[in-house]
Amino acid sequence: MTTKKKTVEKPVPVSAEPVQALAETTGGAISLSVVIPYCKEYAQGNELLFALRSWYKNARFPFRIVVIGDREDWMDSENLTFIECPRVSDIPSVDTLHKLRVALNSAEVTERFIWSNDDIYLMNPVSLAHIELPKVLGPLNPAAYNGHYRAAMERTIKELTEISRPILNYGTHTPVIFEKKNFSGQFPEDPEQYKIGILFTSAYFNLFNEVHPVKLDWKTDPFLLPVVSKSPNEKLVNELLRNKVFMNNARSGYSPWLESFLSRRFPDKCPCEL
């Protein structure tokens, strides 16, 4: 990685209208790509389906979904951009970096794009400002993890420390905005990336973010509710979501309860479905 300064841009006001109405009033404004890497083999239930429905229900800006990875039978290619990309590694940090490179090199992905996941849901109306605001979990702390993720985190810390950059953990599992131009020359391909990977979200924002980030704490912050239990207290979940915009689930948190909860929250088909 190399250091590079980025001009801080003022956020553009966005309409509070639903996305369907907004598309008719933008006067040809370019929709941002919402890029979601997807590996069908490791997907749990209908995560991706409900994630897409949540974007159409709650995003308050023009966008177009781009799925990079595997296709589902229910996908409607007219309203969704699909880029086939077979899995290249069992290590998530390696495979997702490969899919990110596909996005960076694709003309079908906008210069400025949103990077999200199949298990991230928009639970209340969301503007670009909610996504643009940088968020952290605290400093990168390899001691709290193990296996491949810990190795990737250690490598990320090493590379950031060598160029005297902060080592904050931006891996909050919420949507973020990337700019293609900022990746130029930052993550050159090398053999180690295919063994270990790198936490590219944390690397990117430690390089380019120039404003004070918000530290997330699910008990008090107004942004994220992570679901880690298979049978949480639904009354408490609903109470917490009154003051949140994003929800995600860990692998341990996907369950029949969550599938039912999401189906009740997002019962309507979206344009990405046949």
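This is a working chat about a predicted model of a single chain.

Me: How many helices and strands does the chain have?
Reply: In this predicted model, the chain has eight helices and ten strands. Buried residues account for 50% of the 274 residues, and the chain exposes about 13,200 Å², of which carbon and sulfur atoms supply 55%.

Me: What does the chain average in pLDDT?
Reply: The average is a pLDDT of 89, and 87% of the residues score at least 70.

Me: Where does pLDDT stay under 50?
Reply: That happens over residues 3–27, a stretch for which the model has 37 contacts beyond four places in sequence.

Me: OK, and of the contacts between residues at least 6 apart in sequence, what share joins residues at least 24 apart?
Reply: Within the chain, that share is 75%.

Me: On to the inside, then. Which residues have the most contacts inside the largest nonpolar core?
Reply: That core has 30 residues, and those with the most contacts inside it are Val-35, Ile-68, Leu-100, Phe-113, Trp-115, Phe-178 and Phe-200. At least two residues of this core come from each of strand 2 (63–69), helix 3 (92–104), strand 4 (112–115), helix 5, strand 7 (176–179) and helix 6 (200–208).

Me: Which element gives the most to this core?
Reply: Helix 6 does, with six residues.

Me: And what is Val-35 in contact with, leaving aside its neighbours within four places?
Reply: Val-35 is in contact with Val-66, Ile-68, Ala-103, Val-109, Phe-113, Ile-114, Trp-115 and Ser-116. A second, separate core of 29 residues includes Leu-32, Trp-55, Leu-224 and Cys-270.

Me: Changing topic: how many salt bridges does the structure hold?
Reply: The structure holds twelve salt bridges. In one of them, the side chains of Arg-53 and Glu-273 meet at 2.7 Å, N to O. This pair links distant parts of the chain, since Arg-53 sits in helix 2 (residues 47–58) and Glu-273 in the segment after helix 8 (256–265), 220 residues apart.

Me: Are Arg-53 and Glu-273 buried or exposed?
Reply: Both Arg-53 and Glu-273 are buried.

Me: What about Asp-221, which residue does it form a salt bridge with?
Reply: Asp-221 forms a salt bridge with Lys-244, and their closest N and O atoms are 3.5 Å apart. The two residues come from distant parts of the chain, 23 residues apart: Asp-221 is in the loop between strand 8 (214–215) and strand 9 (224–227), whereas Lys-244 is in the loop between helix 7 (234–241) and strand 10 (246–249).

Me: Why do Asp-221 and Lys-244 count as buried?
Reply: Asp-221 counts as buried because its relative accessible area is 6%, which falls under the 20% cut-off. Lys-244 is buried because its relative accessibility is 3%.

Me: Where do Glu-154 and Arg-150 lie?
Reply: Glu-154 and Arg-150 both lie in helix 5 (residues 147–162), four residues apart, which is about one turn of the helix. They form a salt bridge in which the closest N and O atoms are 3.3 Å apart. Glu-154 counts as partly exposed at 40% relative accessibility, and Arg-150 is also partly exposed, with a relative accessible area of 33%.

Me: Which residues are linked in a network of salt bridges?
Reply: Glu-41, Arg-87 and Asp-90 are linked in such a network.

Me: Staying with helix 5, is Thr-156 buried or exposed?
Reply: Thr-156, which lies in helix 5, counts as buried at 0% relative accessibility. A polar atom of the Thr-156 side chain lies 2.7 Å from the backbone oxygen of Ala-152. Not counting residues up to four places away in sequence, Thr-156 touches Leu-140, Ile-198, Leu-199 and Ala-203.

Me: Last topic, the backbone. What is the phi of Ser-164?
Reply: Ser-164 has a positive phi of about 60 degrees although it is not a glycine. Most residues other than glycine have a negative phi. Ser-164 is in the loop between helix 5 and strand 7, and this residue is exposed, with a relative accessible area of 68%.

Me: And where is His-173 found?
Reply: His-173 is found in the loop between helix 5 and strand 7. Phi of His-173 is near 60 degrees, a positive value in a residue other than glycine, and His-173 is partly exposed, with a relative accessible area of 29%.

Terms used: Residues numbered from 1 in each chain as written. Predicted model: local features only at pLDDT ≥ 70, side-chain atom pairs only at ≥ 80, totals over all residues. Heavy atoms only, no water. Salt bridge = Lys/Arg side-chain N within 4 Å of Asp/Glu carboxyl O. Buried < 20%, exposed > 50% of the residue type's maximum accessible area, 1.4 Å probe, protein only. Contact = heavy atoms within 4.5 Å. Areas by Shrake-Rupley, 256 points an atom, 1.4 Å probe, with all protein chains shown as cover. pLDDT = per-residue confidence, 0-100. Core = buried A, V, L, I, M, F, W, Y, C linked by side-chain atoms within 4.5 Å. Polar contact = N/O pair within 3.5 Å; in protein donor to acceptor, adjacent residues only side chain to side chain.
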